[in-house]
Every structure is written in C-alpha cells, then in structure tokens.
Amino acid sequence: MKWLGIGLLAGAVILGLVGAGTYNELNRLDQGVQAQWGQVENAYQRRTDLVPNLVETVKGAANFEQNTLAAVTEARAKAGQVTVQAGRDVLDNPESFRRFEQAQQNLSSALSRLLVTVERYPELKATQAFRDLQAQLEGTENRISVERMRFNQAAQAYNTRRNSFPTVMIAGFFGSRFSEKQYFRAQPGSDVAPRVKF
C-alpha cells in the first residue's frame, strides 16, 4: 500500500511537470506569435503614416482625380478604425482577423489605383517628393510581405505544437487562452496572372 501511494505521488509529480512544461512552451510560442504580430502592425502602421504625405503630394497636381484621393483617404481611415477595434482580439478571433485583413487589402487596392492614376500625370511623376514617397511605399509593401510571412511561420510553429498530442489536451484545459492562430492568406484572385495589354 505504501508503494502504491508513492507510485501515485510520483506519477502526479511527473504529470504536473509535463503539464507545466507544456504550458510554458505554449506560452513561449504564443508570445512569439504576439511579437511577430506587433511587427506586422508596425509595417502596416508605416504604410498608414505614408498615405497622408502621398495624398498631399498628389493633390498638388492640377486636375487630379478627386475620387481616387477620396478612396485612398477613406480606405486609410477604415483600416485604422478596424485596427483599433480589433486590438488583441484579432489573433484569437477569426472574424476580427478577417476584418483586419480585408481593411488592409482595401487600402492596398486604393493605393494601387492611385499609383495607376498617377501614370497619367508625368509632371507629378517627375517630382522628387513623389518619387521619394513612391520608393518608401514600395519598400513598406515589401516589409509588409516579409512580416506577414514571418507571422505565418510563427503561427504555424504555435499551431503545430498546440494541436499535437498531448499538448492539445492541455491547451483545451485552458479554454481560449491557447486558441489556434489564424494565417494570412493570398488575396482572392491572386492565383490568376494579370493580363497586360499593349
């Protein structure tokens, strides 16, 4: 009977240590995902900060399409609003993540339309201020792409560990504390190459 008690106690201690180790590992991976999410937000914020300067530079061109500028300004405002509303919830709520991603895609589309429209204004394209802003915007778009990729890698490491046995049981014990993380996905229609007409 004595040995049975010692065996049960040793088993409980081992299970407790395994559980604590698993919890700590999930916590470490979750913190990694959150840190990488901060980098994603940082890159998006840089783009958002460039938009007013770009709009002001383009406004100086005579007869520039006001609808295009309004669309960019509106998309920037909506992206900022969704970011503030989402908060930390964006990582744990698929719907919040989808809204965040959609708002950012809308801003990307509006900026693309703006840059296409600028092609009709050679005097604007020739200004140093516009060229500098365009280069900064292109660099920022590249940073966004890299940070999204790194976020997906961090989310994959987390999700793989979280959904492995017996970790999935321990994660389930803590409810939404260790919920599965979402991934950035390609924009709809990105699997079709754009048609170029000359």
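Analyst: Let's start with the contacts, meaning heavy atoms within 4.5 Å: of those in the protein between residues at least 6 apart in sequence, 80% join residues at least 24 apart. Keep in mind that this is a predicted model, where local features need pLDDT of at least 70 and side-chain atom pairs count only at pLDDT 80 or more, while totals for chains, interfaces and linings use all residues. Numbering runs from 1 along each chain as its sequence is written, and side-chain values use heavy atoms, leaving out hydrogens and water.

The protein has seven helices and zero strands (DSSP runs numbered from the N terminus: H or I of at least four residues for helices, E of at least two for strands). Of its 198 residues, 33% count as buried, that is, under 20% relative accessible area with a 1.4 Å probe, protein chains only.

Now the core itself. A nonpolar core is a set of buried Ala, Val, Leu, Ile, Met, Phe, Trp, Tyr and Cys residues joined through side-chain atoms within 4.5 Å. The largest one holds 41 residues, and Trp37, Val58, Phe64, Leu111, Leu114, Phe151 and Phe184 touch the most other members. Two or more residues each come from helices H1 (2-59), H2 (66-86), H3 (89-92), H4 (94-118) and H6 (128-162). H1 gives the largest share, twelve residues.

Zoom in on Trp37: leaving aside neighbours within four places in sequence, Trp37 contacts Val90, Leu91, Phe97, Phe100, Phe151 and Phe184. In soluble globular proteins, nonpolar side chains tend to be buried together.

Methods
Buried < 20%, exposed > 50% of the residue type's maximum accessible area, 1.4 Å probe, protein only.
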